[in-house]
Every structure is written in structure tokens, then in C-alpha cells.
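Here is a short briefing on the spaces inside one protein model. Keep the 3D view open as you read.

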Amino acid sequence: MSLTAQPIELISFKLCPFVQRSVITLNKKGIDYKITYIDLTDKPDWFLKISPLGKVPLLKYGDDVLFESAVINEFLDEITAEQIMPAAPLQKAKDRGWIEYLSQVTMNQHMLMVADNQEDFETHKASLTEKLQRLENTVSSDSFFNGPQFSLVDSAFAPILTRLDLVKRFFNYDLLTDMPRLQALSALLINQSYVKKSVVEEFDEIMLEYLKDKNSYLAAHSF
Ligand SMILES: N[C@@H](CCC(=O)N[C@@H](CS)C(=O)NCC(=O)O)C(=O)O
């Protein structure tokens with residue numbers, strides 16, 4: 001375990017893909033941390049006081065508080081050895097752009113999963129497929145998003161791939177058909193121990209229950 005100058009606590013929600021990005025980075029870098037889960041439908045007062053946007057993840061670093069997963073991840077990377085964010089300014093700028101793009105994909109995926117009628121489902125599916133196709137045309141054919149090295153853009157992509165895999169396993173619905181590069185990246189990333197351990201053990205069950213509660217069109221149909 002890698003110890004940081006100040007103790008680290010990640011304020012989390014068990015199903016949040018943005019939290020998962022930070023957990024992947026913490027695990028990948030072997031950083032020692034405490035994780036605290038809150039209920040987003042009943043946010044505690046102490047959380048609302050310190051979270052400017054009322055969102056998780058929130059990183060407590062000693063007495064300081066950081067928000068926004070992309071910022072948290074870069075901070076975690078910078079305060080520990082062996083940076084995983086590329087050092088070259090051009091590649092770093094490209095990665096920051098793709099990390100923001102993956103935030104939009106994450107939101108799109110969420111909308112697809114919780115859509116409660118066919119029309120909305122089809123709309124979000126068309127838009128998600130288009131975004132994934134662009135990624136298919138962008139990712140490297142060699143291992144990770146950028147090539148042989150894992151980078152922070154992989155931390156941002158893996159939560160999406162975790163959920164695409166769940167959708168495939170439980171609903172027989174594969175959004176990566178005809179996207180061989182994304183299929184390979186998914187197989188690589190979701191089998192890494194730092195990604196596997198980035199969600200709680202009962203992740204599948206909690207997600208299925210959540211989708212049922214949301215009256216999810218996807219969860220109610222077999223494909
Ligand atoms: N841009 C933020 C997005 C974080 C986010 O949307 N978190 C969701 C949970 S996955 C949240 O806390 N939602 C609570 C709310 O909006 O009230 C990040 O990257 O950290």
C-alpha cells in the first residue's frame with residue numbers, strides 16, 4: 001500500500017460510475033484509502049455542507065475536500081509515484097478531452113439503462129451506439145485506450161465497460177457487436193484486479209434491483 005501525506009477518504013455511492021473511476025485509480029496506484037458510502041436519495045447534512053454540487057465522488061484529503069472525478073484522479077496520480085497520466089502536453093490534452101467525452105457516454109449509458117419506455121430506450125441506444133462507434137475508431141489496437149500503457153482515460157472508460165458487460169450478461173444485449181477494438185479493450189480492462197475490486201461484491205444484485213425500481217425497459221425485456 002502506498003501511503004499519502006494526508007489520510008484519504010472517498011465519499012461514494014455503490015452504483016456510481018464516476019466514483020468507480022476514482023476507486024480504479026486508487027487501486028491501480030496502490031493508495032491506502034477509506035471509502036464511505038452515502039445514500040444519494042437521502043444525502044446526509046455533513047455531505048451537503050462539504051459537497052459544492054451535492055455529488056459523489058468527493059475526496060477528503062486530510063481537512064481538504066476535492067470534487068469532480070477527473071480532478072480527483074489527476075490529483076491522486078500526481079501525489080503518488082509513477083504517473084499514469086501521460087506527461088506529454090499534447091497527449092495529456094487529448095486524454096482530458098476523451099475523459100470529458102466519456103463523462104457524456106456515462107450519462108448516455110445511464111439514460112439508456114433507466115429508460116422506462118421503448119421510445120426513450122431507442123433514442124438513447126442510437127446516441128450511445130454512435131458515441132461508442134467513435135470510440136471504436138479512436139482507441140488503440142494495442143492493449144489500452146492509448147496503447148500499451150494504462151492511463152487515466154482507461155479509469156474513465158472501465159466503469160462504462162463494466163456496465164456494458166452487466167447488460168450483456170443479464171439481458172443478453174450486446175452494444176459492442178461489430179466493435180472489435182472495444183470488445184478487446186473491455187475484455188482486458190474488466191478482468192484487471194484493480195477494476196474488479198472497484199465495485200462492491202454485490203454490485204450486480206444492487207444494480208438489478210435499482211433498474212427494477214426504475215421500471216427499466218432494458219431490464220424488463222429479453223433480447
Ligand atoms: N461530473 C461529476 C459527475 C458526478 C455525478 O454525477 N455523480 C452522481 C452519482 S453517479 C451524483 O452524485 N448525483 C447526485 C445528484 O446529482 O444529486 C464527476 O465526474 O465527478
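Which residues lie nearest the centre of the largest cavity? They are Phe-13, Lys-14, Val-19, Ser-198 and Val-199. Keep in mind that this is a predicted model.

**The cavities**

- The structure holds 2 cavities of 30 Å³ or more.
- The largest cavity has about 70 Å³ of space.
- Its lining is made up of 14 residues.
- Helix H1 (17-28) and strand S2 (34-37) are the elements that each give two or more residues to this lining.
- Helix H1 gives the most, with 3 residues.
- By class, the lining of the largest cavity has 10 nonpolar, 2 polar and 2 charged residues.

**The largest pocket**

- About 850 Å³ of space lies in the largest pocket.
- The pocket is lined by 32 residues.
- Nearest its centre are Cys-16, Pro-17, Phe-18, Val-56 and Met-107.
- The largest share comes from H4, which supplies 9 residues.
- The pocket lining divides into 17 nonpolar, 7 polar and 8 charged residues.

**The ligand and its surroundings**

- Where is the ligand? It sits in the largest pocket.
- Residues around the ligand include Cys-16, Pro-17, Phe-18, Leu-40 and Lys-43.
- Also around the ligand are Gly-54, Lys-55, Val-56, Pro-57, Glu-68 and Ser-69.
- Cys-16, Pro-17, Phe-18 and Val-56 are around the ligand, and these residues are also among those nearest the pocket centre.
- This shell divides into 6 nonpolar, 2 polar and 3 charged residues.

- Lys-43 has a polar side-chain atom 2.5 Å from an oxygen atom of the ligand.
- Ser-69 has an N or O atom in its side chain that is 2.6 Å from a ligand oxygen atom.
- Val-56 takes part through its backbone: a polar backbone atom is 2.8 Å from an oxygen atom of the ligand.
- How much of the ligand does the protein bury? Taken alone, the ligand exposes 520 Å², and the protein buries 74% of that.

**Two backbone features**

- Is the peptide bond from Val-56 to Pro-57 cis or trans? The bond is cis, with omega near 5°.
- Pro-57 is found in the loop between helix H2 (45-50) and strand S3 (58-61).
- Both Val-56 and Pro-57 are listed among the residues around the ligand.
- Asn-172 has a phi near 55°. That is a positive value in a residue other than glycine.
- Find Asn-172 in the loop between helix H6 (152-171) and helix H7 (180-190).

Conventions:
Residues numbered from 1 in each chain as written. Predicted model: local features only at pLDDT ≥ 70, side-chain atom pairs only at ≥ 80, totals over all residues. Heavy atoms only, no water. Near = heavy atom within 4 Å. Polar contact = N/O pair within 3.5 Å; in protein donor to acceptor, adjacent residues only side chain to side chain. Areas by Shrake-Rupley, 256 points an atom, 1.4 Å probe, with all protein chains shown as cover. 1 Å grid on protein atoms, 1.4 Å probe; cavity = no way out; pocket = protein on both sides within 12 Å on 5 of 7 lines; lining within 4 Å. Sits in = over half its atoms within 2 Å of the grid points. Nonpolar A, V, L, I, M, F, W, Y, C, P; charged D, E, K, R; others polar. Points joined across faces, edges and corners; volume = space filled by probe spheres on them. Helix = DSSP H or I, 4+ residues; strand = E, 2+ residues; numbered from the N terminus.
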